[in-house]
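Reader: I am new to this structure. Could you show me how to read its features, one at a time?

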Amino acid sequence: MDLKNKVAIITGARRGMGRTHALAFAGAGAKVVVSDISQEECEGVVKEIEKSGGEAIAVKCDVTSKEEVDKMVQAAVDKWGKLDILVNNAGIVDFKPFVEMTEKDWDKMMEVNLKGYFLCAQAAVKEMIKQKGGSIVNIASVEMGQVGGGMPGLAHYCASKGGVVAFTETLAVELAGQNIRVNAVSPGAIETPMSEAAQDNPDLLKQTLAKIPMNRMGKPEEVSNLVLFLASDAASYMTGSTVVVDGGWLAT
Ligand code: NAP
């Protein structure tokens, strides 16, 4: 999985899986735009990449702002002349019993987890069409509506991730003729700051592990390996796929 001469944007990359995707992509030779709401923390990831001999820049981008998204894509083009890969990773989660969920809770979830993916993909695709190709990886979740994927308290999150899968398939079909591949990755329970509630609460952790045949949460790097594969030319005949990386969760 060689990403030499490829330029990649990773959103939500200051921490969690976005950070490990950025490190993995740089390790495979890509030039990486490390993007997140906090510029300062992106700089930290860039330093880590540079320390291991990679190339990266930090770009502040709230994915819900079209203006900031357009600037992020422009930053990649200004620095390296092109954009080959987008990883739509920035996301939020928020547990709320369904009857207590407010319109504001719902809208915020859709704004980040769906509209953000739309804005970033559209800005990236405009560049990819100019250079006659590209690859997009959208991060969904096992909580996307497949068998076994429902999760109490996450009606809005699950709806947004189901939307990511439908969005991925539609873009794949629409953009295949322009040599742009679009795939999704659905992680199970992964050890990141987002899943701290499950990691730190023994009862919740027990409930979570009970669903996972491998009886452990995944490491962010175990997801990055798959994202890297799908983004790379090694997956040249894959588009419109949603690939699960969940320790067996959805197989039960
Ligand atoms: P994380 O540790 O919370 O990292 C997500 C990053 O996205 C954070 O740095 C966050 O910044 C950033 N972000 C949030 N809103 C943003 C916005 N509007 N614009 C730009 N960046 C924004 O989460 P993670 O676990 O690595 O999750 C990465 C992706 O995997 C998400 O799409 C998530 O839904 C998905 N996923 C996670 C799991 C899991 O078990 N961890 C499982 C399935 C799917 P702030 O911290 O400032 O909000």
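Predicted model: local features only at pLDDT ≥ 70, side-chain atom pairs only at ≥ 80, totals over all residues.

Reader: Which polar side-chain atom lies 2.9 Å from an oxygen atom of the ligand?

Author: Start with the cut-off. A polar contact is a pair of N or O atoms within 3.5 Å. In this model, Lys161 places a polar side-chain atom 2.9 Å from an oxygen atom of the ligand. Asp36 has a polar side-chain atom at 2.7 Å from a ligand oxygen. For Tyr157, too, the distance from a polar side-chain atom to an oxygen atom of the ligand is 2.7 Å.

Reader: What part of the ligand's accessible area does the protein cover?

Author: Begin with the area that the ligand has on its own, which is 890 Å². The protein covers 90% of it.

Reader: Where does the ligand sit?

Author: The ligand sits in the largest pocket.

Reader: Now single residues. Is Thr20 buried or exposed?

Author: Look at the relative accessible area. Buried means under 20%. Thr20 has 5%, so Thr20 is buried. Thr20 is found in helix H1. The side chain of Thr20 reaches the backbone oxygen of Met17 at 3.0 Å.

Reader: Where does Thr64 lie?

Author: Look between strand E3 (55–60) and helix H3 (66–80): Thr64 is in that loop. Its relative accessible area is 19%, so Thr64 is buried. The side chain of Thr64 makes a polar contact of 2.8 Å with the side chain of Asp62.

Reader: What is the relative accessible area of Thr102?

Author: Partly exposed covers the values between the two limits, 20% and 50%. Thr102 has 39%, so Thr102 is partly exposed. Thr102 is placed in the loop between strand E4 (85–88) and H4. From there, the side chain of Thr102 reaches the backbone nitrogen of Asp105 at 2.9 Å.

Reader: What does the backbone angle phi tell me about Lys132?

Author: Phi of Lys132 is near 60 degrees, a positive value, and Lys132 is a residue other than glycine. Lys132 is in the loop between H4 and strand E5 (134–139). With a relative accessible area of 65%, Lys132 is exposed.

Reader: What is phi of Asn179?

Author: Asn179 has a positive phi of about 65 degrees, although Asn179 is not a glycine. Asn179 is found in the loop between H5 and strand E6 (180–187).

Reader: How far apart are the C-alpha atoms of Tyr237 and Arg181?

Author: Tyr237 and Arg181 are 56 residues apart along the chain. Their C-alpha atoms are separated by 8.5 Å. Tyr237 is in the loop between helix H8 (220–231) and strand E7 (242–245). Tyr237 counts as exposed because its relative accessibility is 83%.

Reader: What separates Leu3 from Ser35?

Author: Along the chain, Leu3 and Ser35 are 32 residues apart. Leu3 is found in the segment before strand E1 (7–10). Leu3 has a relative accessible area of 0%, so Leu3 is buried.

Terms used: Residues numbered from 1 in each chain as written. Heavy atoms only, no water. Polar contact = N/O pair within 3.5 Å; in protein donor to acceptor, adjacent residues only side chain to side chain. Areas by Shrake-Rupley, 256 points an atom, 1.4 Å probe, with all protein chains shown as cover. 1 Å grid on protein atoms, 1.4 Å probe; cavity = no way out; pocket = protein on both sides within 12 Å on 5 of 7 lines; lining within 4 Å. Sits in = over half its atoms within 2 Å of the grid points. Helix = DSSP H or I, 4+ residues; strand = E, 2+ residues; numbered from the N terminus. Buried < 20%, exposed > 50% of the residue type's maximum accessible area, 1.4 Å probe, protein only.
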